[in-house]
Amino acid sequence: MTLKTLARAWLFALLCGVAAVAQPAAFPDRNVLMVVAGSPGGGLDLTGRALEQTMLETRLHKTGFVLKHMGGAGGNLAKAYVHQRSGDPYTLYVESNRIYVNKLVGTTHLDHRDLTPIARLTTEYLVWVVRADSPFKSAKEVLDKLKADPTSVAFGVGTVPSNDQMNILRPALAYGVNPKQIKIVVFKSGGDLMIQLLGGHVPVISTGLSEAIEQVKAGRVRVLTVSSPKPLAELAGVPTWRSLGVNVEILHWRGLFAPPKTPASAVKYWDQALGKMVKTDSWKKALDRHGWFDAYAGSAQFSKDLEGEIKVYNAILTQLGMAMGPGK
């Protein structure tokens with residue numbers, strides 16, 4: 001082999017090596033940070049942990065997750081944190097419809113358009129819960145008391161603004177109660193909320209079914225009403241708002257978002273992985289365990305649905321005198 005041939009072979013090998021080094025690793029090649037906009041024990045935390053566990057069991061996700069809880073400020077702290085990680089495909093954010101409601105009520109300048117919608121995963125329904133020894137036997141008794149004096153019953157919620165809050169204000173408004181006069185006490189999270197109810201610090205709480213179901217099964221609390229369109233088998237004998245003559249129905253979804261400018265390749269990865277995950281027996285068992293209902297929508301459909309929701313909620317919040325931000 002001539003010197004010239006050797007030089008060409010060496011140069012070819014060097015160029016191949018450089019090309020190999022320059023090839024980006026396939027996403028994901030390390031753990032993904034999952035930011036939970038709530039404290040441990042709440043519905044968002046349960047959603048994140050169920051997702052993590054299912055991905056582990058099914059091996060549909062190539063690496064793992066690192067959970068970071070950021071409760072407080074109605075989810076705005078977590079949202080701002082994720083927004084600052086622009087372009088980072090290794091960040092996911094678990095949130096509910098506060099993603100746009102907070103901007104409507106003026107507590108932040110950020111909404112879903114400032115992030116990257118990834119997927120709607122589940123929906124659940126909201127419930128009014130009292131202690132097992134509560135004198136209230138029905139939601140109508142509570143509403144009647146509020147109608148006589150809107151300040152007579154204090155409600156607990158995990159955060160405001162939220163669907164938990166809407167599950168108090170909307171039925172009250174539909175029943176002819178002035179919603180602006182109702183006492184609502186805000187606690188740290190859904191998990192803390194149940195502790196406060198059991199401790200006797202508030203007589204009624206509005207929360208997601210998943211955050212109450214274990215205490216219901218244990219016989220420590222009772223459910224007065226549920227925000228579903230039809231009665232639920234999981235809550236035999238519990239009336240819906242509609243069956244009480246109150247024209248209210250509230251779906252409480254939870255989903256995933258990513259930072260702004262997340263690469264399209266990462267969004268495609270999640271569409272494929274999550275689309276497969278929600279069809280597995282492992283995920284279906286998680287839904288049953290927590291009292292959730294399947295509401296999966298991939299990134300494109302989720303984005304479209306969010307635009308429709310924000311218009312509806314802007315109209316509701318305007319009627320309640322709570323809308324301060326732009327609702328487009």
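**Reading a predicted fold, feature by feature**

Q: Is Lys261 buried or exposed?
A: Lys261 is exposed, since its relative accessible area is 71%. The cut-offs are over 50% for exposed, under 20% for buried and in between for partly exposed, with a 1.4 Å probe and protein chains only. This is a predicted model, so local features need pLDDT of at least 70 and side-chain atom pairs count only at pLDDT 80 or more, while totals for chains, interfaces and linings use all residues. Residues are numbered from 1 along each chain as its sequence is written, and side-chain values use heavy atoms, with hydrogens and water left out.

Q: Where is Lys261 found, and what is its phi?
A: Lys261 belongs to the loop between strand S9 (251-258) and H9. Its phi is near 60°, a positive value in a residue other than glycine. Helices (H or I, at least four residues) and strands (E, at least two) are DSSP runs, numbered from the N terminus.

Q: Which residue just after H2 takes a positive phi?
A: Arg59 does, at about 60°. Arg59 is also a residue other than glycine. The loop between H2 and strand S2 (65-69) holds Arg59. With a relative accessible area of 76%, Arg59 is exposed.

Q: What is the overall picture of the protein, in numbers?
A: Count 11 helices and 10 strands. The C-alpha trace spans about 100 × 40 × 30 Å along its principal axes. Of the 328 residues, 53% are buried. Now take contacts, meaning heavy atoms within 4.5 Å. Among contacts with a separation of 6 or more, 78% join residues 24 or more positions apart.

Q: How far does helix H2 reach?
A: Compare the span with 1.5 Å times one less than the number of residues. H2 covers residues 43-58, which is 16 residues. From first C-alpha to last, H2 reaches 22 Å, close to the expected 22 Å.

Q: Which residues of H2 are buried?
A: The buried set includes Gly43, Leu44, Asp45, Leu46, Thr47 and Gly48. Further along H2, Ala50, Leu51, Thr54 and Met55 are buried too.

Q: At what angle do H2 and H9 cross?
A: Axes are lines fitted to C-alpha atoms, for helices over the stretch in contact, and angles run from 0 to 180 degrees between N-to-C directions. The axes of H2 and H9 (residues 264-277) come within 11 Å and cross at roughly 85°. H2 and H9 are therefore roughly perpendicular. The classes are under 35 degrees for roughly parallel, over 145 for roughly antiparallel, 65 to 115 for roughly perpendicular and the rest for oblique.

Q: Which residues make the contact of H2 with H9?
A: H2 supplies Leu51, Thr54 and Met55, and H9 supplies Trp270, Ala273, Leu274 and Met277. By class, that is six nonpolar residues, one polar and no charged. Ala, Val, Leu, Ile, Met, Phe, Trp, Tyr, Cys and Pro count as nonpolar, Asp, Glu, Lys and Arg as charged, and the others, Gly among them, as polar.

Q: How many salt bridges does the structure hold?
A: Side chains of opposite charge can pair when their charged atoms come close. The cut-off is a side-chain nitrogen of Lys or Arg within 4 Å of a carboxyl oxygen of Asp or Glu. The structure holds 12 such bridges.

Q: Where do Lys140 and Asp144 lie?
A: An α-helix has 3.6 residues a turn, so residues three or four places apart point the same way. Lys140 and Asp144 sit four residues apart in helix H5 (residues 139-148), about one turn. Their side chains meet in a salt bridge at 3.3 Å, N to O. Lys140 is partly exposed at 40%, and Asp144 is partly exposed at 34%.

Q: Which helix holds Glu214 and Lys217?
A: Helix H8 (residues 209-217), where the two are three residues apart, about one helical turn. Glu214 is partly exposed at 48%, whereas Lys217 is exposed at 58%. Elsewhere, salt bridges that share partners join Lys103, Asp111, Arg113 and Glu307 into one network. Within it, Arg113 pairs with Asp111, with the closest N and O atoms 3.5 Å apart. Asp111 is buried at 2%, and Arg113 is partly exposed at 38%.

Q: Which residues does a cis peptide bond join, with omega about -5°?
A: Phe27 and Pro28. Pro28 is in the loop between H1 and S1. Val160 to Pro161 is also cis, with omega near -10°.
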